Structure formats: C-alpha cells, structure tokens
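Me: I am new to this structure. Please take me closely through one part of it, in short steps.

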Amino acid sequence: MISKIIDVHSHFTTKEYLNLIARHGASLEDGFPLPQWNAQDHLALMDECNIEWTLLSVSSPQPYFTGFNDESVKMCRHLNESMAEVKAKYPKRFKFQACLPLPNIAAAINEAIYALDVLKADGIKFASNSRGLYLGAKELDPLMAELNQRTSVCNIHPHRPDPIKEGIFSSGPVPLYEFLADTTRAVLNLISNGVILRYPKISWIVPHCGSFLPNIYDRFTGLSKILIPKGLMQDIDIRQSVAKLYFDLSGNPAPHLLDWLLTVTAPDKIMYGADFPFTTSELIKNNLNKLLLMLDREDLSPYKELILYKNAEELFSIH
C-alpha cells in the first residue's frame, strides 16, 4: 500500500469564469464540456485515492478574447485570488499555479509578479498557445526572465490551436488529438529557441505522458543535425533540454505510454496527474488502479514512490 500520492495536474473553475466563456460562445471551444469545480467533491476524491495534496490550475479555454484585454486581466486576477483562497482554507491539501492574461505580455508580467510575490502561487500555468502566441516566442523573453529570477515551476496545458481546420473529426473533440499535438508543438518551440537552457531556473512540466514528444524525439534530434549546420535552427543541445523537463501522467497512462516516456526521460522526472474535474472521479480511480499495477512491475517498483509523490515533493520543496 502506497503511503500517499501527490497530484500535479488538476483543474479549477469558478462560475465567473464559466459565465465569461459562455458569453463569448466558447463553452464548447474544445468540443468538450466545461465542468464545475467545488472543494468538497475534489477533497472526497483525494481522500478516496489517498492523494495528499493537489496542484490546481486553470485549463482551457484561455480567458482572453480579442478586444477584451481588461476583461482578461480581471478574470485572471479573479481566478488567481480564488485559488489562493482555496489554498489558504486548505493549506495542506491544495496548491495552485497562476493563470496569466496572455497574449497581453505586459499584463501577464504584472500578474505573474503579483501572483508569485503576493498570492504565493506555486508557479505558473501556461497554455501551449495563448490565442496564437506560442511558448518559446521571443516576445515572451521578458516574462521568462521574471520567472527565471523567481525559480518558478511552470506547467504547460494544451490549448486549441488557431487557426484549425474545421470539419475534421479531431477539430471537434480537440483533446483527442489537437491537445497532444499543440503541447508537443509548444515544447519543440521552447527547445529549438533555447528557452529551456537560457532560463535554467525555470522548471517545466509537460502533461499527458509527454504528449507526442517521446514519439518524435529521435526524429527531432536527427533533423537537428541537418538543420543546425545549415543555419535553419539554433545550435541547441536537445538532449540537455529534454533532460531538464518534468512530465505528468495525466490522461490514460497505459503501459506502452509510460514505457515510451521512459525512453526520453528518467523516473525522477515523472509525476502523477489526475486531471480532475475534466476526468470523472470513477475514471480517475480506474486510471490510478491501472497505474499502480504498472508501477508494481519489477523494473518500475523501485521508482514507485518517486513517481507517486517524492518527485513532486522535491520539485515543490516539501520535505
């Protein structure tokens, strides 16, 4: 019996956030219903699953719509203060990563400083792209400098790419394919533009078993040997960049996905993620049971506690 579990990938919503998304006709932007969140249901699930504490963040859609900058700034502040209140009420059960009003970079820097310094957020959540502005873009360097100065932990959450071809099946239920593709796109951009190595004090968490990164890692490193000498890509140490990444097991951590992930990273970089409330409590329990069986394998059992809670404790400085 495992002593405890830490969840680094679960989500938070408020009525105000859901109402804003609805006003902009974006409730089904991802082709996926947006759930309501409440502490009682979340704590009940955590108790049943032996989850000691959970890291909350805002999922998708990004609360930013063209022409409504002030609205986005106010909503991100509301979400961050609301998550801070939950953390204050349940200090041993919840932590949170702040939401930023990107692509408004100046406002995002102000909100990051406020959230980290005043609200004591436990890091920053980034959308893979914020209405077309991707992680790794040079425009984000001033924000990265602030986060590097604060040794921030940043998790990446996929967002609907823009533009996207409508009428294709995967453009409806965006989490099926586009989420994984867009996360991978953002990570490749972070690596190829040198962000991970230029800002070494930032820790990045890649969701959903690494998305497609394990599948294309060898292709990426192979192509870089062609692109770099021709001046079509910065001279970046891809292996060193990927070695710095952390990964969570949110989604459906089937045995082959975990094995693929371990081809690009080590057990001390992997953490558990439940994805509540977008994933139902019953499915979370089923997925967790499958994961526990996987971690009982002879080759993985020595790393079981690392993956389930010790890595998260180390990353978030809890001893």
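**A helix pair and a strand**

Reply: Helix α3 (residues 69–89) packs against helix α4 (residues 105–117) at an angle of about 15 degrees, their axes 11 Å apart. That makes α3 roughly parallel to α4 (angles under 35 degrees count as roughly parallel). Axes are lines fitted to C-alpha atoms over the stretch in contact, and angles run from 0 to 180 degrees between N-to-C directions. Helices (H or I, at least four residues) and strands (E, at least two) are DSSP runs, numbered from the N terminus.

This is a predicted model: local features need pLDDT of at least 70, side-chain atom pairs count only at pLDDT 80 or more, and totals for chains, interfaces and linings use all residues. Residues are numbered from 1 along each chain as its sequence is written, and side-chain values use heavy atoms, with hydrogens and water left out.

From α3, the contact uses V73, C76, R77, N80 and E81. From α4 come A107, E111, Y114 and A115. Contact means heavy atoms within 4.5 Å.

Now the strands. β2 (residues 51–57) holds S57. Six of the seven β2 residues are buried (under 20% relative accessible area, with a 1.4 Å probe and protein chains only). S57 is buried too, at 2%. Beyond its neighbours within four places in sequence, S57 touches S10, H11, F12, M83, Q97, K125 and N155.

β2 has partners. Strand β1 (residues 5–11) pairs with β2 in the parallel sense over five bridges; pairing needs at least two DSSP bridges. Here S10 stands opposite L56. Strand β3 (residues 94–96) runs parallel to β2, joined by three bridges. L56 stands opposite F96 there.

Definitions and conventions:
Buried < 20%, exposed > 50% of the residue type's maximum accessible area, 1.4 Å probe, protein only. Parallel < 35°, antiparallel > 145°, perpendicular 65-115°, else oblique.
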